[in-house]
Amino acid sequence: MSHAFAYALVGAGLFLLGLYALVAYAHLLRKILALNIMGSGVFLVLVALAKRTGDAEPDPVPHAMVITGIVVAVSATALALALMLKVSGKTGQAVLPGRHQD
Amino acid sequence: MDVIVVLEWAFDAVLGLGLLWLAWRTLNSPDLFKAIVLFISFGLLMALAWVRLNAPDIALAEAAIGAGLTGALLLAALARLRTTTDNTMPAQLPAGSWFQRGLLIVLLSGSAAGLGYAVWILPSHTSGLSMAVTANLDVSGARNPVTAVLLNFRGYDTMLEMIVLLLAVLGIWSLGGLPPRPERPAVAVLDTFSRFLIPVFILAAAYLLWVGADAPGGAFQAGSVLGAAGVLLLLSGWRPGVRLMQWPLRLALTIGAITFIILGVLTLLYEQQLLAYPVAQAGRMIILLESLATVSIAVTLAILFLGESPDPEEKK
Amino acid sequence: MEAILANADWGVIVILLPLTGGIVCFLWPAVSKTAGLITVAAVVLAVAGLGRQIMEHGAYRHTVGGWGAPLGIDLFADGLSLFMLIMTALVGLGISCYAKSYFNPRDAVWFWPVWLFLLAALNALFLAADIFNLYVTLELTGLAAVTLTALTGRIDALSSAMRYLLAMLAGSLAYLLGVALLYHDSGSVDIATLAQRIEPNATVWAALGLMSAGLALKTALFPLSFWLPPAHASAPAPVSALLSALVVKASFYILLRLWLELFADFAEGVSTLLGLLGAAAILWGSLQALRQTRIKLLVAYSTVAQIGYLFLVYPLASASSGLAAGIAAYLAFSHALAKSAMFLAAGNLMRFGGHDRIADLDRAVQRLPLTVSAFALAGVSIMGLPPSGGFTGKWLLLDAAMSQGRWDLAAVMIIGGLLAAGYIFKVLGYAFMQAKEPHDARAVPAGMEWAALLLAVGSILLGLMASEIFALIHPDLVANAGGAVERVWTA
Amino acid sequence: MIQALYFALALFLLLNLCAGLWRILRGPTTADRMLAAQLFGTTVVAMLLLLAQASGNPVLRDVALVFALLAAVTAVAFVQRAWPEEKESEHDLN
């Protein structure tokens with residue numbers, strides 16, 4: 001057993017915690033935070049398991065993937081925050097309208 | 001030696017549990033400001049986790065983006081949100097009934113068990129692609145394996161990433177931009193502070209870009225630090241002039257992608273393969289790509305923070 | 001000249017062209033309409049060039065950077081990917097011609113660069129042979145699609161774009177976690193390499209579940225389709241057409257590809273589940289469509305139902321997966337043509353009357369005959385009546401269901417067809433009637449009417465060219481498809 | 001053995017950090033919370049320097065440098081916020 005697995009399990013936990021909050025809470029800012037935490041969880045799984053190379057340097061390919069992933073995450077977060085502000089600017093509330101209002 | 005092993009385990013255990021606990025408190029604290037501060041702290045701990053996992057390149061990116069820029073973006077969004085919404089709505093408003101949330105918890109606990117088992121049974125020793133990377137590192141033009149993967153072995157992914165960044169800007173601009181951020185008038189302290197700090201940021205970015213080919217660092221990290229310098233400038237009240245917001249800005253946003261495409265076409269013509277650099281030129285091409293990508297990334301991140309549309313008519 | 005055309009690397013060009021076009025539109029907003037149309041037309045030609053190469057020399061493979069999988073990234077196109085590229089190029093061209101007249105100058109400046117980036121992302125997706133590269137193209141597709149959805153800036157568009165973005169990001173992350181598990185299980189993200197190394201174990205099962213769930217969310221498979229009707233109904237008409245015709249097909253294509261290459265051998269239980277959800281989608285989507293009072297929501301719910309047909313191929317695939325993939329791709333193409341025509345026609349009706357209330361169509365058939373014909377012809381394909389593409393695809397599916405004794409699925413397909421007839425005739429019926437209060441109508445540019453009609457005619461023509469098309473996707477299919485068509489003509 | 005000492009110190013700082021969390025959770029003012037987060041940043045910088053010594057990996061000093069710089073951005077973003085200081089509600093203590 002190595003540390004790699006422990007971190008990977010934490011990553012899986014973060015993913016599911018984020019997923020729970022994404023579904024269970026209505027406030028858009030909280031949903032955006034939840035997606036960011038889900039993302040961190042996925043990145044943690046990718047990088048933690050890359051350390052299973054024993055004493056050698058860890059596998060660099062997942063590291064590169066995560067660096068691009070972090071940049072995607074910040075772009076998507078910025079777009080999501082802008083949309084949230086537009087929605088709340090028009091409705092006065094940062095929640096999605098219920099389905100009955102379609 | 002044993003002492004170190006015990007200490008390492010203790011450290012990792014505290015860090016791992018701390019991450020989970022912070023994530024949990026971030027997601028369910030009633031006050032949104034508190035949630036954001038907790039999220040920033042979560043980013044700090046994530047960076048420590050990257051260090052523990054021997055991923056200094058990611059730790060650098062996380063330090064700049066995860067803990068810094070995302071935090072600033074969230075705080076600015078919250079400031080704008082408080083001017084547009086009534087604060088009477090409980091921030092912790094649940095979606096769905098208790099029954100639905102209970103069902104969700106049961107489902108996710110099941111998934112947690114399955115996912116945990118799926119991770120647990122993975123072989124405990126494997127080298128992944130690291131052998132292949134090491135074998136080709138000499139001809140890749142970079143001595144830092146992560147840079148070699150990002151700019152050479154999987155450079156095509158990075159080319160598409162540059163478009164992802166551009167699309168985020170296009171998305172915000174097409175929404176008509178955000179209303180100007182409510183802010184206090186810049187004070188002298190802040191002005192002096194940023195005057196001192198911004199040259200240091202630029203120096204640090206240049207350093208990260210320069211060492212990136214050989215040591216942890218590179219375009220994404222340098223771009224994020226430079227972008228943070230831009231955010232600091234914007235925070236201390238500086239605004240780009242109207243003329244600067246037109247084509248010079250658009251060129252700066254796209255220059256990374258343009259360089260990738262031009263190099264792609266050239267390599268396609270001369271090497272018959274997209275982004276196949278001749279071995280003798282690989283090092284120079286990577287430096288060129290990284291420098292211009294740094295510019296694009298930095299400007300994009302600063303513009304994402306500014307959030308205003310470049311079109312003066314749109315601001316109405 | 002001939003040699004250059006034959007040897008050019010069309011696969012790479014198909015990706016680089018729209019990327020360049022998008023950047024040009026971004027740098028010089030004044031020329032964006034012209035640059036956009038030229039780029040889309042050029043992409044059609046480049047896809048034709050790629051098609052010729054594939055027909056002559058077989059599958060296309062390009063090792064980006066010269067490294068080759070698993071270290072580098074490969075681009076790969078066989079008949080199936082080529083077919084999806086052709087669908088994207090042709091439907092995209094039709095929608096572009098429509099969009100030329102549709103958008104006001106303010107929106108056009110944003111529409112063209114984002115649509116060209118979306119086109120580049122779709123082409124890159126259909127050419128990808130690497131599951132992480134697929135993730136990047138999925139993110140690109142999602143961000144571009146969300147931006148286009150919100151383009152009008154109206155409140156319904158903004159909130160449905162927000163919901164759409166959250167669903168897209170969650171779907172991508174689930175997919176990415178699956179990629180992480182597969183990579184760490186097998187040490188590669190290249191699909192062909194994975195296919196050799198993959199063994200059914202708990203990790204692969206978890207990856208399969210995560211990737212399928214993420215992609216099903218992005219494809220709007222019932223009950224993960226909650227985000228689709230509001231987004232597709234509130235977007236501008238050409239964008240709705242792009243979303244329904246092309247964007248949902250992109251994630252479906254990935255699922256199909258993963259299934260064919262990686263999971264088909266051991267995941268029979270999951271394919272049964274996907275089939276059941278598909279059947280539920282057909283019934284639920286059709287019933288919802290029948291209940292709607294606005295055309296665009298009706299058409300959007302019809303998309304939910306038609307996506308259900310695509311998923312019926314999974315339980316029927318066990319006998320011959322190549323056959324099922326061919327049917328799915330063919331159904332996707334005919335749905336793309338018909339549904340884009342329908343959304344464009346709905347856009348014309350909205351432009352004409354200023355609203356899209358079905359009960360208020362007010363003799364549209366006399367005043368917009370081309371548009372109503374487009375809607376009706378597309379409806380023929382959606383209902384699955386001969387000789388349309390929708391008919392051939394659904395007939396092959398029905399044939400497969402009956403030959404495997406899946407009477408339940410066959411019954412669902414027939415009920416779905418009847419319900420589709422119900423909601424389409426509902427619209428057409430009102431188009432003949434006079435509204436209680438006649439209101440003034442605005443002129444609709446001829447180009448917009450013709451674009452809708454041509455796409456609808458395409459959905460009928462597709463049915464007549466079934467044998468040629470199946471020869472492209474899967475040679476074994478020719479006999480079946482030809483037989484099915486013949487049987488109908490002789491009956 | 002000096003390595004173990006560095007490591008023990010890093011662990012000690014990590015535990016300190018957890019204690020600092022209490023201040024973020026309790027507040028009571030937003031400034032308390034933000035200052036606690038800033039203290040976190042400083043602590044992490046110190047930990048990175050210790051880990052750099054312990055593992056003999058000088059790159060971690062670069063990470064510490066970037067951290068120290070970026071802490072300024074969130075701090076300024078906080079100071080420049082323009083919403084009024086509100087009273088903390090009771091339910092905040094849960």
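Predicted model: local features only at pLDDT ≥ 70, side-chain atom pairs only at ≥ 80, totals over all residues.
Me: Which residues of chain B are linked in a network of salt bridges?

Reply: Residues are numbered from 1 along each chain as its sequence is written, and chains are lettered from A and ligands numbered from 1 in the order in which they are written. A salt bridge requires a side-chain nitrogen of Lys or Arg within 4 Å of a carboxyl oxygen of Asp or Glu. The residues linked in such a network are Glu8(B), Asp12(B) and Arg52(B).

Me: With which residue does Asp74(C) form a salt bridge?

Reply: Over all chains the count of salt bridges comes to 16. In the one formed by Asp74(C), the closest N and O atoms are 2.8 Å apart. Asp74(C) lies in strand 2 of chain C and its partner in strand 1, so the pair ties together parts 13 residues apart in sequence; helices (H or I, at least four residues) and strands (E, at least two) are DSSP runs numbered from the N terminus. The partner is Arg61(C).

Me: Is Asp74(C) buried or exposed?

Reply: A residue is buried under 20% relative accessible area, exposed over 50% and partly exposed in between, with a 1.4 Å probe and protein chains only. Arg61(C), at 44%, is therefore partly exposed. Asp74(C) has a relative accessible area of 5%, so the class that applies is buried.

Me: How many residues of strand 2 of chain C are buried?

Reply: Strand 2 covers residues 73-77 of chain C. On one side Ile73(C), Leu75(C) and Ala77(C) are buried, and on the other Asp74(C) and Phe76(C) are buried.

Me: In which sense do strand 1 and strand 2 of chain C pair?

Reply: Strands pair if DSSP finds at least two bridges between them. Strand 1 (residues 60-64) is joined to strand 2 over 5 bridges, and His62(C) stands opposite Leu75(C). The sense of the pairing is antiparallel.

Me: In which helix of chain C do Glu261(C) and Arg257(C) both lie?

Reply: These two residues form a salt bridge whose closest N and O atoms are 3.1 Å apart. Glu261(C) is partly exposed at 33% relative accessibility, whereas Arg257(C) is buried at 5%. They are 4 residues apart, about one turn, in helix 11 (residues 237-263).

Me: Which backbone nitrogen does the side chain of Ser188(C) reach?

Reply: Ser188(C) is in the loop between helix 7 (155-186) and helix 8 (191-197) of chain C. Its relative accessibility is 0%, so Ser188(C) counts as buried. Beyond neighbours within four places in sequence, Ser188(C) has contacts (heavy atoms within 4.5 Å) that include Pro70(C) and Arg197(C). At 3.0 Å, the side chain reaches the backbone nitrogen of Asp190(C).

Me: What area is buried between chain B and chain C?

Reply: Buried area is the accessible area (1.4 Å probe) that two parts lose on being put together, summed over both. This contact takes 45 residues from chain B and 51 residues from chain C. Carbon and sulfur atoms give 76% of an area of about 4300 Å².

Me: Which residue of chain B forms a salt bridge with Asp130(C)?

Reply: Between chain B and chain C the count is 1 salt bridge. Its closest N and O atoms are 2.9 Å apart, and the partner of Asp130(C) is Arg154(B).

Me: What area is buried between chain B and chain A?

Reply: Here the contact takes 86 residues from chain B and 69 residues from chain A. Between these chains there are 0 salt bridges. Carbon and sulfur atoms give 79% of the buried area, which is about 7200 Å².

Me: Which helix of chain B gives the largest share of the side that touches chain A?

Reply: Across this interface, 9 residue pairs at pLDDT 80 or more are in polar contact, meaning N or O atoms within 3.5 Å, where within protein one must be able to donate a hydrogen and the other to accept it, and residues adjacent in sequence count only if both atoms are side-chain atoms. The largest share, 13 residues, comes from helix 3 (residues 56-84).

Conventions:
Heavy atoms only, no water.
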